[in-house]
Every structure is written in structure tokens, then in C-alpha cells.
Amino acid sequence: EHCKLWWRDGVIYQIYPRSFQDSNGDGVGDLAGISSRLDYVATLGVDAIWISPFYPSPMADFGYDVADYTGVDPLFGTIDDFDALLAGAHARNLKVILDFVPNHTSDQHPWFLESRSSRDNPKRDWYLWRDGNEGRVPNNWMSNFGGTAWTYDEITRQFYYHSFLTQQPDLNWRNPEVRAAIFAAMRFWLDKGVDGFRMDVLWLLIKDDQFRSNPPNPDFNGGSSFWSILPTYTADQPETHEIVRQMRALVDEYSERVLIGEIYLPIDELVRYYEPGDTASSGYLETPHLHGAQLPFNFHLIQTAWQADLIAELIRSYEAALPPGAWPNWVLGNHDQHRLATRIGAAQARVAAMLILTLRGTPTLYYGDELGMTDATITPDQVQDPAEKNQPGQGFGRDPERSPMLWDETPNAGFTSAPTPWLPLVDEHVRISVTAEEAAPRSFLHLYRALLTLRSATPALHCGTVTEVISPSEVLTYTRAGEAERYQIHLNFTNETKWIDSPKGTLILSTYLDQQDRPWIEWMQLRPNEGVVIKLNESPQ
Ligand code: TEU
């Protein structure tokens with residue numbers, strides 16, 4: 001009674017390498033640092049690590065501006081350090097997922113240096129070059145980081161397109177040579193034995209070939225200029241799906257590898273990235289009719305207001321929208337989003353932990369959330385993120401959620417021996433750490449470990465069905481059923497005591513961590529901000 005594939009059974013843990021563990025005292029985390037913390041990760045009970053980019057990069061966007069797809073930036077170590085990390089992870093039964101950035105390169109990538117050198121360079125068409133429109137930008141397309149997405153290049157007197165920074169020119173994915181070059185880089189890592197890729201901005205790869213201006217956004221009322229227009233011609237273009245299928249076919253040439261897509265779209269558009277179709281692929285998979293990303297990231301728990309009724313409706317509509325055989329997934333945080341505990345508060349973050357680890361579908365956890373880490377306070381002189389520098393004071397900065405991991409109670413929390421880490425740590429007065437939480441039996445860390453242990457030991461939780469998703473009086477309730485067992489989860493989204501109605505069973509786990517294996521009678525009290533897992537007495541019909 002297993003879902004049979006590691007990326008279905010398991011839990012993914014995202015590591016932002018700059019911020020996890022520094023091994024050489026320069027204030028920035030590195031690959032050897034991650035290797036030194038693998039025992040912690042394995043003991044936590046997760047099954048795979050996804051590592052944000054560590055490739056050679058000028059770091060204009062902290063590694064999401066890649067200058068060489070098949071190397072390691074000296075800041076993070078060497079390719080030998082990577083090989084050691086991969087071997088160390090595999091020795092502990094941890095899979096390794098790389099962050100791959102196919103949409104754009106660094107402006108220092110040799111491909112772009114060639115492309116910009118002349119209009120007739122063989123790589124000219126590898127990027128998106130356009131003439132100006134009467135001396136102005138070619139059209140109204142906007143950068144995700146604010147302002148126009150076009151930068152004028154004096155050398156050849158044309159503009160190039162960048163979905164993000166000027167230093168991140170977009171590749172032309174209509175060009176077969178670009179596809180071949182990226183696919184070769186993917187093979188380089190697959191041949192080394194990496195277990196999959198998280199594909200950056202997978203829904204943005206193709207742009208309208210007529211370069212039509214985007215329509216205005218009727219709902220725009222301030223914020224980033226990016227949202228003043230709709231991304232009609234710059235996102236989720238039909239031809240993108242063909243590329244996703246090609247990527248999947250490549251990944252399927254290797255066994256048990258996973259393709260994950262970073263895709264911020266409404267549910268109906270998101271689930272199309274599973275790429276359902278009639279014809280069977282050659283793969284080993286149970287779902288030969290699905291040709292796309294096995295896990296198109298579902299960010300809707302982040303984007304939905306934290307209310308039991310809205311989350312219940314989200315779960316129902318997402319489950320209903322999945323193509324037959326498609327495996328769901330859930331995300332509560334990442335390096336682009338304010339920390340979970342900051343968004344919904346520490347008390348509800350414990351409820352959220354129980355939610356994501358008892359829902360049907362692969363959970364992806366963000367490092368530090370297992371400690372209840374909050375955003376760090378970043379003063380204006382400490383800002384690193386270009387998203388903040390380009391549009392200061394508007395809340396777009398991502399530094400707060402990228403603050404170093406808190407390992408112990410020393411001044412720099414065991415993250416670095418340097419006097420100053422690259423980003424400040426979370427404030428001293430709310431400081432938490434792995435060692436402090438190890439010693440506190442009811443800590444966040446112990447809650448995550450208990451939930452991860454329960455999930456992996458319980459087929460109903462890691463691969464059973466989810467039904468009866470309801471939200472009476474702000475308590476989210478659902479049933480998970482396997483072949484032999486049924487569980488009911490009750491999550492109190494409020495700060496008040498709630499009486500709940502549930503069939504008889506045994507309380508297996510409370511988010512308070514103060515009771516377990518207690519008989520559950522039909523009417524029971526749920527304390528403020530409490531979540532419980534009940535194992536039901538009767539077996540399924
Ligand atoms: O993020 C894509 C993306 O959509 C983000 O820009 C997001 O909208 C923003 O951070 C606000 O939440 C990916 C990476 O995850 C991000 O770190 C990179 O900066 C970006 O792509 C460019 O590669």
C-alpha cells in the first residue's frame with residue numbers, strides 16, 4: 001500500500017544554499033556546509049532536498065542569473081563538493097533535486113556575450129532581440145522586478161527582453177539550438193545521478209512571437225508596475241506545453257527522476273502542466289498518459305487567505321481539477337514568500353504544519369519552517385535583494401525569508417564563524433534554534449518530526465484518499481483513508497475552544513504534543529489553535 005514512487009511517498013525540503021550552513025567562514029552558506037548538516041536533514045524525516053541554484057553566477061539575483069549551467073560557483077565550493085554532497089545525501093536515502101533556471105541566463109553567460117556582440121552572430125537568435133518602436137521600447141512588457149522588461153544595448157542598437165533583471169536576459173525557447181543546449185546541461189546533472197529538477201518559472205518560457213503589447217489590468221490599484229498589465233502575451237503561452245513535454249521525455253530516459261515546475265497560475269491553468277494526453281509514453285510510470293511535470297508546484301495555500309472555509313474550498317477544487325492519475329502537491333513557503341510563521345502567526349503555523357503533512361499530495365517544506373522561524377528584520381542598509389532595491393519600501397524584498405538557519409544559541413546561531421552573516425539573523429528576542437528546540441519536548445521541531453514520522457509510517461496519510469473536506473465553525477476537517485485504516489484530521493483555525501463531532505477513535509497526535517494514543521469519544525474539545533489526528537475505530541466499507 002505505497003504510492004510506489006519516492007516523489008509521491010516522500011516529503012521535499014528546500015535548502016537556500018546561501019543561508020543554510022557556512023563551512024569556510026565567509027558569511028555565506030555553501031555546499032560543504034549542506035553536507036555537514038545532512039544528518040540533521042535525514043533525522044528530521046524528509047526524503048529529498050531541493051537546493052536553490054549554486055551554479056557560477058554574478059549573483060545579481062543570488063544565483064538565479066546563471067553564467068554556467070554545468071559548474072559550481074566558487075562561493076559555494078567546487079564540483080567535487082557537489083559530488084560529495086550528492087553521495088552523502090544518497091548514503092542517507094535522501095534524494096537530491098536541483099534548481100534549474102531555463103528561462104534566462106546571466107548577462108555574463110558566454111551565450112549572451114556572443115549574442116550581443118553583433119546582429120549576425122550565430123547565437124543572436126538565442127535571446128529575444130527587437131528594434132525599438134520609434135526610439136522607445138518595443139512594447140509595454142514589464143519586468144517582474146518592476147519597470148520595462150526591455151533593455152537597450154548600445155553595441156547592436158536593439159533591445160533585449162528580460163522577465164526579471166536587466167542582468168537576466170530571456171532565452172529564445174523557440175530556437176531548437178537553445179533547447180538542445182539546455183537539455184544537454186540537464187543531462188550533465190542527470191548523468192551524475194541527481195534525482196530531478198525544480199524548473200524555475202516554467203510557465204514563462206515562451207513569449208508571443210508577434211510581440212503584441214499586453215492589455216491593461218482592470219484590477220490594478222497600485223503595487224508593482226508589473227501588475228499594471230495582464231501577462232496575456234508573456235506567460236502561459238500554448239507552445240510552453242510542448243517544451244514541458246520534451247523536458248519530461250528527457251527526464252524519463254532516466255529512472256525515477258522527477259520534474260517539478262515552478263508555476264504561479266490559477267488551478268485550472270496550473271493542472272494543464274501535468275500534460276494529460278491519450279498516447280502512452282515509454283516511461284516506467286503508473287500514469288503513462290501524463291506527459292508533463294509530475295509536480296507542478298501548487299502555491300495556492302500561500303495565496304489563499306488563512307481561513308478554514310477558504311482552505312476547504314481550495315482543497316476540494318484542486319482535487320477536483322486534477323487530471324486522472326495526477327498526483328497533488330502542496331507548498332507553504334519558499335525563498336520568495338514571507339515566512340509562514342510571519343504570515344499567519346506562530347500558533348497557526350503549527351496548525352499549518354499538521355495540514356501540509358496530513359494532506360494528500362507531496363509536501364515541500366522550506367528550511368527553518370520546522371523551527372517556526374519568522375522573517376528577519378532587514379534595515380535599509382542591509383538590503384540585498386534586487387526586488388527590494390528596484391522598488392524600495394513597497395514590500396517586494398525577499399531578504400526577510402532568506403535569513404540564515406538557526407542551529408544553536410551562539411551569536412551567529414552556528415551558521416557562520418564570520419563576524420557578519422550575509423543577511424542578519426532573526427531578532428535576538430525571538431530567537432529560536434535547533435539545539436533549543438531539541439531540548440524542548442513540545443517545540444516546533446518535535447512537532448515536525450512527529451508529523452513526518454507519522455506520515456511516512458501511515459499509508460493512509462502518505463497515499464490514501466482525501467474526502468469529506470468540510471469547515472464547520474472555522475475548524476477544517478477531512479478524512480484520509482487507506483486500504484485498512486481511516487484517519488480524521490481536525491484543525492482549529494481560531495483562537496477559541498471548539499467542540500467537534502467525530503466518529504469514535506484514538507487521538508494519535510495533537511499539535512500541542514501533550515497527548516497521544518488517547519481514546520476519542522464522539523464529542524470532544526479542540527483547544528485554541530489545536531490540530532489533531534484521530535485514527536477512526538471502524539474500518540472503511
Ligand atoms: O521566481 C519567480 C517568481 O515568480 C518570483 O519572481 C516571484 O513572483 C517573486 O519572487 C515574488 O514573490 C523565481 C525564483 O524563485 C526567484 O527567486 C527568482 O528571482 C526568479 O524566478 C527569477 O529567476
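Analyst: Let us begin with a pair of neighbours: strand 12 (residues 465-470) and strand 13 pair in the antiparallel sense over four bridges, where strands (E, at least two residues) and helices (H or I, at least four) are DSSP runs numbered from the N terminus, and two strands count as paired if DSSP finds at least two bridges between them. This is a predicted model, in which local features need pLDDT of at least 70 and side-chain atom pairs count only at pLDDT 80 or more, while totals for chains, interfaces and linings use all residues. Residues are numbered from 1 along each chain as its sequence is written.

On to strand 14 (residues 486-492), which runs antiparallel to strand 13 and is joined to it by seven bridges; among the partners, Y478 faces I489 in strand 14. Strand 13 and strand 14 likewise form a hairpin, with four residues between them.

How enclosed is strand 13 (residues 475-481)? Five of its seven residues are buried, so strand 13 is largely enclosed by the rest of the structure; here a residue is buried if 20 or more other C-beta atoms, placed from the backbone, lie within 10 Å of its own, exposed if 12 or fewer, and partly exposed in between.

These strands belong to an open sheet of six, which has the order 12-13-14-19-16-17 and antiparallel pairing. At its edges are strand 12 and strand 17, each of which pairs on one side only. Direction ignored, neighbouring strands of this sheet are turned by 30° against each other on average, with axes taken as lines fitted to C-alpha atoms, for helices over the stretch in contact, and angles running from 0 to 180 degrees between N-to-C directions. Helix 10 (residues 308-321) packs on the sheet, touching strand 12 and strand 13, and its direction makes about 145° with that of strand 12; such contact means that C-beta atoms, placed from the backbone, lie within 7 Å.

The loop between strand 17 (518-520) and strand 18 (523-526) holds E522. E522 is exposed, with 10 other C-beta atoms within 10 Å. Not counting residues up to four places away in sequence, E522 touches D501, S502, P503 and K504. S456, by contrast, is 66 residues from E522 in sequence, and the two lie 27 Å apart in space, C-alpha to C-alpha.

For comparison, the model also has an open sheet of eight strands, in the order 9-8-7-3-2-1-11-10, whose pairing is parallel. Its edge strands are strand 9 (295-296) and strand 10 (329-331), each pairing on one side only. Strand 10 runs parallel to strand 11 (residues 362-366) and is joined to it by three bridges, and V331 stands opposite T364 in strand 11. Helix 7 (residues 240-251) packs on this sheet, where it touches strand 7 (196-199) and strand 8 (258-261), and its direction makes about 155° with that of strand 8.

Note on methods. Two residues are in contact if their C-beta atoms, placed from the backbone, lie within 7 Å.
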